[in-house]
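Open the model in your viewer and keep the sequence panel in view. This tour tells you what to select at each stop.

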Amino acid sequence: MMLDSLEAYRPSETEPFMNERQREYFRKKLLAWKDDILKESRETLQHLQDENVNHPDLADRASSETDRAIELRARDRQRKLISKIDAALQRIEDGSYGFCEETGEPISLKRLDARPIATLSIEAQERHERRERVYRDD
């Protein structure tokens, strides 16, 4: 049911920005994304538990350890992503969702649809990345 309502409606520039329907659209999109990540996380955990067997062969053991490290890094990224999704859901609740935290301007619907956790408009994001590059080069 949830996917049907996501498929049927697309936010449009012709309606009031972040009206109730748009907020609900993004709320459902964020919740579906979070559910997918949690499901994947449970599968990873199950895989790690199943994989937790002794490998008599040194190469097998090393390969298993490498796989485990990669999966744990992926889990860490997923955990950070979930906290960004939760923060976006909170912004929907408090009414600040969809607005650039740097300029206060609306973030384009196209950008939000592609990256629903975005907190900066594309222009502010580009400025931010340029500044980061300058500092990194020093």
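Helices here are DSSP runs of at least four residues, numbered from the N terminus. With that in mind, read the elements from the N terminus on: α-α-α-α-α. This is a predicted model.

**Stop 1: the whole chain**

Show everything as a cartoon. The protein has 5 helices and 0 strands. Now colour by burial. Of the 138 residues, 28% count as buried.

**Stop 2: helix 3**

Select 58-94, which is helix 3.

Next, pick out the buried residues of helix 3. They are S64, E71, Q78, I82, I85, A88, L89, R91 and I92. Look at the spacing as you click. An α-helix has 3.6 residues a turn, so residues three or four places apart point the same way.

Step past the end of the helix. Helix 3 is followed by G95, whose phi is positive, near 90°.

**Stop 3: the nonpolar core**

In soluble globular proteins, nonpolar side chains tend to be buried together. The largest nonpolar core here has 20 residues. Select M18, F26, L30, I85, Y97 and L112, which touch the most other members. Helix 2 (20-51), helix 3 and helix 4 (109-114) each give two or more residues to this core. Which element gives the most? Helix 3 does, with 5 residues.

Zoom in on I85. Leaving aside neighbours within four places in sequence, I85 is in contact with L30, W33, K34, I37 and I117.

Then move to M18. M18 sits in the loop between helix 1 (2-8) and helix 2. Is M18 buried or exposed? Its relative accessible area is 7%, and buried means under 20%, so M18 is buried. Check its backbone too. Most residues other than glycine have a negative phi. The phi of M18 is positive, near 55°.

**Stop 4**

Select S41 and R42. S41 is in helix 2, and R42 is in helix 2 as well. Now compare their accessibility. S41 is buried, with a relative accessible area of 15%. R42 has 56% relative accessibility and counts as exposed, because exposed means over 50%.

Follow S41 to its partners. Not counting residues up to four places away in sequence, S41 touches R75 and Q78. Then draw a line from R42 to R75. These residues are 33 apart along the chain, and their C-alpha atoms are separated by 9.9 Å.

**Stop 5: the largest pocket**

Switch to a surface view. Rolling a probe the size of a water molecule over the atoms shows where empty space is left. The largest pocket holds about 180 Å³ of space. Select its lining: K84, A87, R91, R111, R115, I117, A118, T119, L120, Q125 and H128. Helix 3 and helix 5 (122-137) each give two or more residues to this lining. Helix 3 supplies the largest share, 3 residues.

Finish by colouring the lining by residue type. How many of its residues are nonpolar, polar and charged? There are 4 nonpolar, 3 polar and 4 charged.

Methods
Residues numbered from 1 in each chain as written. Predicted model: local features only at pLDDT ≥ 70, side-chain atom pairs only at ≥ 80, totals over all residues. Heavy atoms only, no water. 1 Å grid on protein atoms, 1.4 Å probe; cavity = no way out; pocket = protein on both sides within 12 Å on 5 of 7 lines; lining within 4 Å. Points joined across faces, edges and corners; volume = space filled by probe spheres on them. Nonpolar A, V, L, I, M, F, W, Y, C, P; charged D, E, K, R; others polar. Buried < 20%, exposed > 50% of the residue type's maximum accessible area, 1.4 Å probe, protein only. Core = buried A, V, L, I, M, F, W, Y, C linked by side-chain atoms within 4.5 Å. Contact = heavy atoms within 4.5 Å.
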